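Student: I would like to go through the terms used for this protein and see what stands behind each one.

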Amino acid sequence: MDAPLRRIGRGLNVSSEAERCVEIIRDQIGDAAIDVGLVLGVGLFAIADHATQAISIPYSELPGFHAPEGMAYELLLGIIGTARVAVFRGRANYNETGDINAMRVPLETLARLGAKAVVLTGVAGAVRNEIQPGTLLTITDHVNLTGFNPLIGEADGGGFIDMAGTYDRHLRERYNLASSHLGRKTHEGEVMWIPGPSFETPAEARVAQKLGADLVSMTIVPEAILARRFGLRVLGVAVATNLAAGLRHEPMTRDIQLRAAGAAASSLSRVLGKFFEIWQVESRGIRLG
Ligand code: HPA
């Protein structure tokens with residue numbers, strides 16, 4: 001039962017792990033710039049195949065990067081569109097690790113590598129009937145009433161950060177533009193975080209809807225908080241894999257999530273490729289800033 005205490009005040013240790021990760025990565029890529037991070041959620045790993053000239057570093061070689069037993073998670077440093085991207089092919093969730101800070105080191109490492117932004121992808125359940133399974137939505141804001149926050153215990157009040165504007169409007173507009181360029185309708189929504197791993201109850205889905213959310217998800221939110229802590233701009237993109245409890249007729253399973261995410265991966269990957277292209281052309285060598 002000592003896990004919660006262990007998490008309090010981890011800041012300093014974790015920073016030294018991130019420093020070590022930067023050294024390991026720089027040994028492999030030299031001083032090449034990293035423009036942006038891309039965190040891939042379950043079922044979306046195929047997006048990593050679009051990174052060209054990629055150098056791969058397994059999470060097992062990076063201190064503080066977590067992968068569940070038997071999962072070959074890796075960090076890929078390569079090019080998508082025209083951007084130099086650090087692709088996190090695998091993310092550690094709170095519901096697998098019991099650690100709300102499971103993605104702290106990867107995100108701190110990304111910021112220390114000089115990236116200015118991170119794209120957080122993940123699956124979600126829709127709390128509105130009109131959101132069809134397979135829909136891609138950019139996240140506009142989140143609701144986290146769980147009491148869990150990765151910044152609890154930060155030294156020197158470092159956790160008191162402004163969360164307004166977390167889901168960067170400019171990045172969202174560029175992503176939506178990329179989506180329209182490819183002839184796709186754009187969708188936006190607010191997400192309510194539930195830690196999982198059990199899916200929400202129908203009552204919880206109704207609460208989410210009453211609070212104005214469009215989606216419930218077990219992911220993205222803790223990372224968005226950490227990303228802001230490390231000064232990264234955030235684009236959140238959710239794949240609505242299913243209707244939430246109370247709205248669907250069949251029982252929910254992990255398999256439904258994985259299959260629906262897998263089916264959406266190639267569309268998401270095309271939009272992201274275009275998004276990186278638009279964004280890089282726009283920032284013409286000065287990079288995002
Ligand atoms: N609930 C919570 N998280 C999810 C769901 C869901 O129905 N689907 C995909 N992620």
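Tutor: What follows is a set of questions on terms and the values behind them. The model is predicted, so local features need pLDDT of at least 70 and side-chain atom pairs pLDDT 80 or more, while totals for chains, interfaces and linings use all residues. Residues are numbered from 1 along each chain as its sequence is written, and side-chain values use heavy atoms, without hydrogens and water.

Student: What makes helix α7 mostly covered?

Tutor: A helix here is a DSSP run of H or I of at least four residues, and a strand is a run of E of at least two, both numbered from the N terminus. Buried means under 20% relative accessible area, exposed means over 50%, and partly exposed lies in between (1.4 Å probe, protein chains only). Helix α7 spans residues 221-229, and seven of its nine residues are buried. Among them are V221, E223 and L226.

Student: Which elements cover the buried residues of α7?

Tutor: The cover includes α4 (104-112) and the strands β1 (36-40), β5 (117-126), β6 (135-143), β7 (188-193) and β9 (233-243).

Student: Why is the pair R91 and E223 called a salt bridge?

Tutor: The term requires a side-chain nitrogen of Lys or Arg within 4 Å of a carboxyl oxygen of Asp or Glu. The closest N and O atoms of R91 and E223 are 2.5 Å apart, and the pair forms a salt bridge. R91 lies in the loop between β4 (83-89) and α3 (94-97) and E223 in helix α7, so the pair ties together parts that are 132 residues apart in sequence.

Student: Are R91 and E223 buried or exposed?

Tutor: R91 has a relative accessible area of 4% and is therefore buried. E223, with 2%, is therefore buried too.

Student: Why is E19 called partly exposed?

Tutor: Its relative accessibility is 43%, so E19 counts as partly exposed. E19 forms a salt bridge with R112, with the closest N and O atoms 3.5 Å apart. This pair links distant parts of the chain, E19 in helix α2 (residues 11-29) and R112 in helix α4, 93 residues apart. R112 has a relative accessible area of 38% and is therefore partly exposed.

Methods:
Contact = heavy atoms within 4.5 Å.
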